[in-house]
Amino acid sequence: MGKKIKGSLSLQLLCGVLASLAAAAAAFALILALCNFLLDKTVYGQTFARRRADGQFEDLQDYVDREEISSTQIQRLGQWFGRGKRVYLTVFDQGDAVYTSPMPKGIRFVFDPDNLSSDDAYTLRFSDGRRLQAYLLYYAGDVYYILGIILAAGGAFIAFSACFVLLLHRKLGYIKKLNQELDILSGGALEYPVTVQGEDELGQLAFGIDQMRRSILSHQRAEEMTRSANSQLVTAMSHDLRTPLTSLLAYLELLERKKYEDEAQRQRFVAKSLEQTLRIKTMADEMFEYFLVYSAEWAQPDLESQDADALLGQAWGEYAFSLENKGFAVETDFSPLQGTVDVNCELLQRAFDNLYSNLLKYADPDRPIAIAFCRADGQAVLTVKNSVSPLRDKRESTGIGLNTCRGILQYHGGRFETREENGVFTAELRLPVR
C-alpha cells in the first residue's frame with residue numbers, strides 16, 4: 001500500500017480493493033489459526049477435557065447416589081443426560097456394553113471403543129453395591145470454533161476497511177489540498193505553486209491547473225512589462241519631442257511675425273522648421289511601428305516557411321552592398337544554414353530595416369562593420385558588429401528601434417540581444433531553424 005501506484009484512478013481503486021481483500025484474507029487466516037491454536041491448548045486440549053470429564057463424572061455419581069439407582073435400573077441414567085450435558089457415556093459389565101448414552105447435540109465425533117484406554121475408565125457405583133466400568137468423554141462442541149470463525153471474519157472486515165479507507169484517505173486528502181490551493185489562487189496569489197502528485201487523473205488535473213497558473217502569471221508579467229515599457233516610451237517620447245517642437249514653434253513664430261532680416265534668413269527659418277518637422281515625423285513613425293508590433297503580442301502571426309540561407313543571405317547581402325555605397329567598409333561571413341525558418345516576412349523585414357537604420361546613424365564610418373550568420377543549436381544566428389561613432393551622443397535616440405526588433409524576434413519564437421563593450425556595439429538575432 002505504501003508504493004505509489006501509477007495509472008488511472010479506476011485502476012488504483014481496483015488495486016486498492018484487491019490489496020484490501022488480500023489483507024483481509026491474510027488477517028482471517030492468521031486470526032483463525034491463532035484461535036485454533038489457543039482452543040487446542042485450552043478448550044479442546046486433553047488436559048482441559050480430562051478435567052471437565054472428571055467433574056462431570058463426579059456429578060453423575062452424585063446423581064446415582066441421590067436417586068439410589070441400582071445396576072438393574074441403569075436406563076434411568078438417561079434422565080441425567082437430559083440436562084444438556086456435553087458428555088458421552090458407555091457402561092460395561094464384564095466387557096459387554098450395558099448402557100450407551102445418546103450423542104449430545106452438536107457433537108460429531110465417532111466413538112470407537114477400541115481406542116479407549118484405562119486412563120479414560122471410571123468406576124460407577126450403584127445402590128445395590130455393584131461397581132461397573134464406565135467410560136465418560138467430554139467434548140465442548142463446535143461453538144468455540146464458530147466463535148473463532150466469527151472473530152476471524154471480524155478481523156478480516158477491519159483489515160479490509162482499514163486498507164481501503166487508507167487509500168481513500170490519501171486521495172481525499174490530496175483533493176482537499178488541491179481545493180485549498182485553488183482557494184489561494186482564486187485570491188490572486190498566482191505565485192503559489194500547485195502540488196502535483198502521481199500520474200493519474202488527479203495528478204493530470206493538478207498539472208493542468210499549475211500550467212494554467214503559470215500561463216496566466218506569464219501573461220500578467222508580460223502585460224506589466226508592456227505597460228511599463230509603454231509608460232517609459234511615452235515619457236521618453238514626450239521628452240524627446242519637446243526639443244524639436246520648441247524649435248519648430250520658435251521658427252514658426254519668427255516667420256509669422258516676420259522677424260527675419262532678409263529672404264535668405266527667411267528661407268533658413270523655413271528649412272530649420274522643415275528639419276524639425278521631419279525629426280518629429282521620424283519619431284512618430286518609430287513610435288507607430290513600436291505600437292504596431294506590440295499591439296499584436298497575443299495574436300498568432302501569419303508565418304510562412306522560407307529557406308534560411310536565401311532569406312538572410314539576400315537581405316543582408318543587399319544591406320552590405322548599400323552600406324558600402326554609403327562609404328562603410330563591410331566584412332561578411334555567411335555560413336550555410338541548411339534549413340528553413342517560419343517567419344512573417346513583413347515583420348522580420350522591419351527588424352532588419354531597424355538594424356540597418358541603426359548602423360547608418362551610429363556606426364563609425366572609419367571602422368569596418370562585421371555581418372555574419374551561422375547555424376548553432378538548431379538556430380539561425382545573425383550577428384552584426386560595428387564600432388560606435390564618436391558623434392553618437394549628439395544624435396537623439398528613443399531606443400524604439402531596438403525594442404521593436406526585440407518584440408519581432410520574440411514574436412517568431414526567437415531572441416534579440418544587444419551589448420556594447422569597448423566601443424563596439426553587437427546585435428545578435430536568433431531564429432529557430434528546421
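This report describes a sheet, a loop proline and several salt bridges in a predicted model.

## Basis of the description

Because the model is predicted, local features need pLDDT of at least 70 and side-chain atom pairs count only at pLDDT 80 or more, while totals for chains, interfaces and linings use all residues. Residues are numbered from 1 along each chain as its sequence is written, and side-chain values use heavy atoms, with hydrogens and water left out.

## The open sheet

Five strands form an open sheet with mixed pairing, in the order S6-S8-S9-S11-S10; strands are DSSP runs of E with at least two residues, helices are runs of H or I with at least four residues, and both are numbered from the N terminus. Two strands are taken to pair if DSSP finds at least two bridges between them. Strand S6 (330-334) and strand S10 (415-421) are the edge strands, each pairing on one side only.

Within this sheet, strand S8 (residues 369-376) and strand S9 (residues 379-387) pair in the antiparallel sense over 7 bridges, and phenylalanine 373 stands opposite leucine 382 in S9.

## Proline 390

The loop between S9 and helix H9 (400-411) holds proline 390, which is exposed with a relative accessible area of 66% (exposed means over 50%, buried under 20%, and partly exposed in between, with a 1.4 Å probe and protein chains only). The C-alpha atoms of proline 390 and aspartate 364 are separated by 7.1 Å, although the two residues are 26 residues apart along the chain.

## Salt bridges

Side chains of opposite charge can pair when their charged atoms come close. A search of the whole structure finds 11 salt bridges, each defined as a side-chain nitrogen of Lys or Arg within 4 Å of a carboxyl oxygen of Asp or Glu. One of them joins the side chains of aspartate 65 and arginine 125 (3.8 Å, N to O), and this pair links distant parts of the chain, with aspartate 65 in helix H2 (residues 46-67) and arginine 125 in strand S3 (residues 121-125), 60 residues apart. Aspartate 65 is partly exposed at 40% relative accessibility, and arginine 125 is partly exposed at 34%.

Another salt bridge connects aspartate 93 with arginine 130, the closest N and O atoms being 3.0 Å apart. Here aspartate 93 lies in strand S1 (residues 87-93) and arginine 130 in the loop between S3 and strand S4 (131-138), 37 residues apart, and arginine 130 is partly exposed with a relative accessible area of 36%. Salt bridges that share partners also join Asp210, Arg213 and Arg214 into one network.
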